[in-house]
Amino acid sequence: MNLPSLGSRGEGWVVLQFVCLALVAAGGLLYPGFVPGDDLAVLRLVGDLLVVCGLALVAWAIVALQPAKAFTAVPLPRADGALVETGPYRFVRHPVYSGLILAGIGGAVARASLAAGVATIALALVLELKRRREEQWLVERYTGYTAYRARTKALIPFVY
């Protein structure tokens, strides 16, 4: 299935991604759930930990891309970039997306927010489609990408 580019470099995918991220944040802030007593403290702790882990994964992934000049928010690979298979890219092909989804889940849990949870599902769907569009371009750009894709899961180590 050939997914649309949504712009010459896939800019539309980035817009959709940021809209979903804004919805996750707004859902958590505007529509927090009600959880009685100590359960809320536990949810906040677990959720905040997931947010920190997700954002740390995003940061680690961005740092790993810098030496190869491969970081870009759009799905079209940079012409001067190189394929990265080190750092978090040893475990998953799209750790930035994994980290954003994990942070979204954490935010929804921390606020016990169904609205943030639904927005996180929307974010995951947008990132999945963006990932598929990106991989069409990555296969065209890097001769080694097909082999890398065959041995490395997309978003969740050992699972998916």
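Student: Which backbone oxygen lies 2.4 Å from a polar atom of the side chain of Arg93?

Tutor: The oxygen belongs to Thr152. A polar contact is a pair of N or O atoms within 3.5 Å; within protein, one must be able to donate a hydrogen and the other to accept it, and residues adjacent in sequence count only if both atoms are side-chain atoms. Please note that this is a predicted model, in which local features need pLDDT of at least 70 and side-chain atom pairs count only at pLDDT 80 or more, while totals for chains, interfaces and linings use all residues. Residues are numbered from 1 along each chain as its sequence is written, and side-chain values use heavy atoms, with hydrogens and water left out.

Student: Where is Arg93 found, and is Arg93 buried or exposed?

Tutor: Arg93 is in the loop between helix H2 (38-65) and helix H3 (95-110). Helices are DSSP runs of H or I with at least four residues, strands are runs of E with at least two, and both are numbered from the N terminus. Arg93 has a relative accessible area of 10%, so it is buried. The word buried means under 20% relative accessible area, exposed means over 50%, and partly exposed lies in between (1.4 Å probe, protein chains only).

Student: Which residues does Arg93 touch, not counting residues up to four places away in sequence?

Tutor: Contact means heavy atoms within 4.5 Å. On that basis Arg93 touches Arg131, Glu135, Tyr145, Tyr148, Arg149, Thr152, Lys153 and Ala154.

Student: How many salt bridges does a search of the whole structure find?

Tutor: A salt bridge is a side-chain nitrogen of Lys or Arg within 4 Å of a carboxyl oxygen of Asp or Glu. The search finds 8 salt bridges. Arg93 takes part in a network of them, linked with Glu128, Arg131, Arg132, Glu135 and Arg149. Glu128 is buried because its relative accessibility is 12%, and Arg131 is buried at 6%.

Student: Which side chain meets that of Arg9 in a salt bridge, and which meets that of Arg78?

Tutor: Arg9 is paired with Glu11, at 3.5 Å from N to O. Arg9 counts as partly exposed because its relative accessible area is 41%, and Glu11 is partly exposed at 28%. Arg78 is paired with Asp80, at 3.0 Å from N to O. Asp80 has a relative accessible area of 45%, so it is partly exposed, and Arg78 is partly exposed at 32%.

Student: How many disulfides does the count come to?

Tutor: A disulfide is a covalent bond between the sulfur atoms of two cysteines. The rule applied here asks for a pair of cysteine sulfur atoms within 2.5 Å. By this rule the count comes to 0 disulfides.

Student: What is the phi of Ala112, and what is the phi of Phe158?

Tutor: Most residues other than glycine have a negative phi. Ala112 has a positive phi, near 50 degrees, and Phe158 has a positive phi near 65 degrees. Ala112 is in the loop between H3 and helix H4 (114-141), and is partly exposed because its relative accessibility is 22%. Phe158 is in the segment after H5, and counts as exposed because its relative accessibility is 77%.

Student: Which residues make the nonpolar surface patch of about 470 Å²?

Tutor: Patches are made of residues with over 30% relative accessible area and no salt bridge; like charges are joined within 9 Å, and nonpolar side chains (Val, Leu, Ile, Met, Phe, Trp, Tyr) within 5 Å. Accessible areas come from the Shrake-Rupley method with a 1.4 Å probe, and for residues, only the protein chains shown count as cover. The patch here is made by Ile156, Phe158, Val159 and Tyr160. Ile156 lies in the segment after helix H5 (145-151), and at 44% relative accessibility Ile156 counts as partly exposed.

Student: Where does Asn2 lie, and which residues does Asn2 touch, not counting residues up to four places away in sequence?

Tutor: Asn2 lies in the segment before H1, and touches Arg133 and Gln136. Asn2 counts as exposed because its relative accessibility is 66%. The C-alpha atoms of Asn2 and Ala112 are separated by 37 Å, the two residues being 110 residues apart along the chain.
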